[in-house]
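This report covers strand pairing, nonpolar cores, backbone geometry and confidence. Please view the sequence and the structure together before reading on.

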Amino acid sequence: MSSRSPAQRNVGVRPAAAIRIRPLMPRDHRAIVALDAAITGISKARYWRELFADYGRRRSTRFFFVAEEGARLVGFVAGEIRAWEFGSVPCGWVLAIEVDTNRRLRRIGTMLLQAIVDSFKKAEVRKLRTMLARDDLLNLRFFRSQGMMAGPFIQLEKDMV
Amino acid sequence: MKLQKATQFALYSILELALDPERQLSAGDIAEKYGISNNHLAKVLRVLGRAGLVESTRGVGGGYRFSGNARRTTLLAIIEMFEDIGAQSSDGGDQSVRTDIGRSLHPVLNEIEQIARATLDSITIETLVSQIKRNAGRGNETGRAGHRLAATSAK
């Protein structure tokens with residue numbers, strides 16, 4: 001039997017002290033590419049460059065926020081408004097959300113998601129969606145903790161040979 | 001998804017106790033609330049106790065309380081203490097799997113199994129407790145939320 005109280009055993013979340021959430025700026029490109037490469041193990045500089053350019057052209061439907069601790073970029077979220085794919089009403093689609101592995105469990109992901117949710121809501125979108133790999137338990141558990149559940153759409157795919 | 005009775009009792013008990021980890025409840029309290037057998041529940045609680053998810057205190061005012069890590073414990077982890085999810089469809093030794101029909105049918109059954117496992121493994125006790133509290137905050141007191149959960153899970 002543990003000597004710690006139940007409340008003590010469930011402690012694990014440290015508040016995000018001095019974390020600032022702000023919209024993407026051009027100077028963030030390099031830090032985002034580096035953070036994404038560190039987390040995913042794949043450097044995708046071209047993908048991010050094109051996404052940033054598109055973000056610049058479609059400010060009313062694309063949203064991009066970063067989390068800063070001091071001058072250091074420690075997380076980001078990107079999303080867009082999608083509509084009428086196979087009858088889907090407009091929804092806020094989260095394309096990516098990443099937090100520095102050394103700064104997790106500080107609610108930075110929650111703050112980033114809230115920032116993009118606020119933007120979607122300002123655009124009068126009421127449904128939030130994303131797509132994750134079945135074995136991506138880290139992100140699955142994060143989005144579940146935010147109240148997200150399986151939606152009415154099913155993702156299908158095949159190898160095109 | 002049809003879960004065995006013991007598995008359902010384990011899920012109700014864990015969630016009921018995790019709603020307030022400081023609170024102690026007797027097996028009788030939980031059994032009465034969910035309309036389940038006291039003896040059957042006692043056996044389930046012993047399994048959960050051995051896994052460190054609940055701890056018991058004897059004597060007056062004693063009972064069970066949640067002692068696990070709500071952030072780390074998933075629904076799948078609890079279910080797998082009592083039954084093997086989807087074992088039937090992944091049986092590679094089954095002769096039917098090697099037939100033409102089996103080669104087409106089993107990937108579909110495996111797809112269902114994998115989605116079910118991913119769903120159960122992605123939901124922690126903390127996430128579900130938060131959801132229960134949110135629902136309760138929308139006008140239902142905790143007991144009613146618990147009963148609704150029981151009804152939903154038993155489908």
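## Strand pairing in chain A

In this predicted model, strand S2 (residues 62-69) and strand S3 (residues 72-82) of chain A run antiparallel and are joined by eight bridges. Within this pairing, A:Phe65 has A:Val77 of S3(A) as its bridge partner. The two strands form a hairpin with two residues between them. A:Gly70, in the turn, has a positive phi of about 65°.

S3(A) also pairs with strand S4 (residues 91-99) of chain A; these two strands run antiparallel, and eight bridges join them. Here A:Ile81 is opposite A:Gly92 of S4(A).

## Positive phi outside glycine

A:Trp84 has a phi near 65°, which is positive although the residue is not glycine. A:Trp84 is located in the loop that runs between S3 and S4 of chain A. A:Trp84 counts as exposed because it has 8 C-beta neighbours inside 10 Å, and the cut-off for that class is 12 or fewer.

A:Arg107 is another residue other than glycine with a positive phi, near 65°. The loop that holds A:Arg107 lies between S4 and helix H4 (108-122) of chain A. A:Arg107 has 16 C-beta neighbours inside 10 Å and therefore counts as partly exposed.

## Architecture of chain B

Chain B contains seven helices and two strands. Their order along the sequence is α-α-α-β-β-α-α-α-α.

Chain B has 155 residues, of which 27% count as buried. When contacts in chain B between residues at least 6 apart in sequence are considered, 66% join residues at least 24 apart.

## Nonpolar cores

The largest nonpolar core has 28 residues, and the members that touch the most others are B:Ile14, B:Leu15, B:Ala18 and B:Leu41. Elements of chain B that give two or more residues to this core are helix H1 (5-18), helix H2 (27-34), helix H3 (38-50), strand S2 (63-66), helix H4 (75-79) and helix H6 (125-137). The most comes from H1(B), which gives eight residues.

Which residues does B:Ala18 touch, not counting those up to four places away in sequence? They are B:Phe66, B:Ala70, B:Ile125 and B:Val129.

## Confidence

For the complex, the predictor gives an ipTM of 0.74 and a pTM of 0.81. The average pLDDT of chain B is 86, and 85% of its residues score at least 70.

Where in chain B is confidence lowest, and where is it highest? The lowest mean, 40, belongs to helix H7 (residues 142-153) of chain B, and the highest, 98, to H4(B). The pLDDT is below 50 over residues 141-155 of chain B. In the model this stretch has 16 contacts beyond near neighbours in sequence.

Conventions
Residues are numbered from 1 along each chain as its sequence is written. Chains are lettered from A and ligands numbered from 1 in the order in which they are written. This is a predicted model: local features need pLDDT of at least 70, side-chain atom pairs count only at pLDDT 80 or more; totals for chains, interfaces and linings use all residues. Two strands pair if DSSP finds at least two bridges between them. Helices (H or I, at least four residues) and strands (E, at least two) are DSSP runs, numbered from the N terminus. A nonpolar core is a set of buried Ala, Val, Leu, Ile, Met, Phe, Trp, Tyr and Cys residues joined through C-beta atoms within 7 Å. A residue is buried if 20 or more other C-beta atoms lie within 10 Å of its own, exposed if 12 or fewer, and partly exposed in between; C-beta atoms are placed from the backbone. Two residues are in contact if their C-beta atoms, placed from the backbone, lie within 7 Å. pLDDT is the predictor's confidence in each residue, from 0 to 100.
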